[in-house]
Amino acid sequence: MKSISMPQVYYDALVELAEQCAPEESCALLVGKQEGGGATVTDIILAKNVDKNPKVQFSIAADELISGYKIAQSTGDDIVGIFHSHPDSEARPSHTDLKYMAANPVVWAIHSVRDGKMRAFWLDESGESREVAMSFGSC
Ligand SMILES: [Zn+2]
């Protein structure tokens, strides 16, 4: 996966969610299509962070995950990414994130509330995290 594009309106919504949830981490599912080396986001599903340590980790409830997959499948789309925020650290995967990235091989978008910056990552075949180019379209 080399790139991910999403409509500006979803980017804005994710940033707003991250700011509202700080100092806790926020999370969301990115629905869309995967083609060649790129993913296109067509919808986002905001999720609740149910982790017992929400300031430094996030967990999406199993029922929200399942309904997310059902929503995506109903339109012929897929879950192409997972979004979460880092309230007070940079926008790169933590050690815990890397562990879960291996189990959930989709694009991981991370927004740093502290830095006001969103970045996206992908775990390659050798288990190295690689930055994925993000672009924001108008629709
Ligand atoms: Zn994280």
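This is a predicted model: local features need pLDDT of at least 70, side-chain atom pairs count only at pLDDT 80 or more; totals for chains, interfaces and linings use all residues.

**Starting from strand β1**

Q: Which residues are on the covered face of β1, and which are on the uncovered one?
A: Ile 4 and Met 6 are on the covered face of β1, while Ser 3, Ser 5 and Pro 7 are on the uncovered one. Strands here are DSSP runs of E with at least two residues, helices are runs of H or I with at least four, and both are numbered from the N terminus.

Q: OK, how many bridges join β1 to β3?
A: Three, and the two strands, residues 3–7 and residues 38–47, run parallel. Ser 5 stands opposite Thr 40 in β3. Two strands count as paired if DSSP finds at least two bridges between them.

Q: And how many bridges are there between β1 and β7?
A: Five, again in the parallel sense, with β7 covering residues 129–137. There, Ser 3 stands opposite Ala 133 of β7.

Q: What does the whole sheet make?
A: A closed barrel of seven strands with mixed pairing, in the order β1-β3-β2-β4-β5-β6-β7. Neighbouring strands are turned by 35° against each other on average, ignoring direction; the axes are lines fitted to C-alpha atoms (for helices, over the stretch in contact), and angles run from 0 to 180 degrees between N-to-C directions.

Q: New topic: what's in the chain overall?
A: Three helices and seven strands. From the N terminus, the elements go β-α-β-β-α-β-α-β-β-β.

Q: And what does the C-alpha trace span?
A: About 35 × 30 × 30 Å along its principal axes.

Q: Last one: how much of the chain is buried?
A: Buried residues make up 35% of the 139. Buried means 20 or more other C-beta atoms within 10 Å of the residue's own, exposed means 12 or fewer, and partly exposed is in between, with C-beta atoms placed from the backbone.

Terms used:
Residues are numbered from 1 along each chain as its sequence is written.
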